[in-house]
Amino acid sequence: MDKKDMECYTVYCIQNDPLWVKGRFYRMETLQLKAYAKINLGLDVVRRREDGYHEVRMIMQTVKLFDKLTFRLLEEREIRIKTNLGFLPVDKNNLVYKAVKLLQDTYGIEKGMEIDLFKCIPVAAGMAGGSTDCAAALVGASRLFGLDLNKKELMELGVKLGADVPYCVLRGTALSEGIGEVLTPLPPIPDCHILIAKPAVSVSTKFVYEHLDAEGIKAHPDIDGMIAAIKEGSLRGITDRMENVLETVTIPKYPVIAEIKSCMKKQGALNALMSGSGPTVFGIFEREEDAYTAKRLIQERKLANQVYVVLPFNQKTNR
Ligand code: ATP
């Protein structure tokens, strides 16, 4: 990771790295990083492969809604995770654990890591919360273990842990193909306000893909048109093409998703869509006040329990 990339991940370093004080070199031993969520501006399923995986074409967008991970280097070869969400696994089933373990095993690291995971990104919600924590853990552990792997190396390791992990290392606006691991960076989308609303239901990605009739999809989203609109910098060109084929499975099961979409659109969203396999809905607004009005209404009507107005993450400025 180069310095510019690293800076945008970092919330603070308790000790700067590398730090020269009075002619002595101190290693940084604690680091805090932001792990950003994603939305899918467009999601198409091209086909179901023989091995059961689905080939997708997705327009990914990082948003400034994030978990915070604090890493502390341990002298002993242990991995300890603490989190603010009691129901999350803190053992080998947590993707953060898997990321640190992968680095230990791949590079023969004898040290360990303690990670404080403060979650804000809705869980099992279609926002790649686990994958982005995993990506941040690769970045943080690589740094604290003194490996200093570059983005490409981190992405190659990440794909072993999940198809969305390489994208979470890359971040920004991108086309994602294959099973999600073939990435083409795109220019940043125009400025806008994004309202995120997660209803109080959890959706299993596996369930949604298993119930999708991939071969029966009649109308495919215009992903190429959206790419052209992104290149032209046309926000309306992008929002006019927002479509997600997974809505056909998730919305009939959870009609509240359609209610949230309609509420956002009535309040001035250029468009609103379910993210990933759901149930999170996002709306794109030109006017910040409209996004906040929609947020208030969604909360008053108790349509969603986690509601945030955020900005897109712009990879050009790393802000
Ligand atoms: P995606 O958009 O990639 O489908 P998601 O938002 O649907 O992801 P996650 O929030 O990543 O789903 O969580 C899915 C499951 O992964 C959870 O039920 C949880 O038990 C497990 N998990 C493991 N590690 C984490 C983590 N660090 N954060 C959240 N969930 C995790």
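Start by selecting the open sheet of four strands, ordered S12-S13-S10-S14 with antiparallel pairing; strands here are DSSP runs of E, at least two residues, and helices are runs of H or I, at least four, numbered from the N terminus. Two strands count as paired if DSSP finds at least two bridges between them. This is a predicted model, where local features need pLDDT of at least 70 and side-chain atom pairs count only at 80 or more, while totals for chains, interfaces and linings use all residues. Residues are numbered from 1 along each chain as its sequence is written, and side-chain values use heavy atoms, without hydrogens and water.

Colour the edges next: S12 (271–274) and S14 (306–310) each pair on one side only. On average, neighbouring strands are turned by 15° against each other, direction ignored.

Now zoom in on S10 (193–198) and S13 (281–285), which share five antiparallel bridges. Pick Leu195 and you will find Gly283 of S13 opposite.

For the last stop, show Tyr36, Ala37, Lys38, Thr62, Met127, Ala128, Thr132, Tyr167, Cys168 and Arg171, the lining of the largest cavity (a set of points on a 1 Å grid over the protein atoms alone where a 1.4 Å probe fits but cannot get out, with lining residues having an atom within 4 Å of a point). Strand S4 (30–48) and helix H5 (165–170) each give two or more residues to this lining, and S4 gives the most, with three.

Notes
On a 1 Å grid over the protein atoms alone, a cavity is a set of points where a 1.4 Å probe fits but cannot get out, and a pocket is an open set with protein on both sides within 12 Å along at least five of seven lines; lining residues have an atom within 4 Å of a point. Axes are lines fitted to C-alpha atoms, for helices over the stretch in contact, and angles run from 0 to 180 degrees between N-to-C directions.
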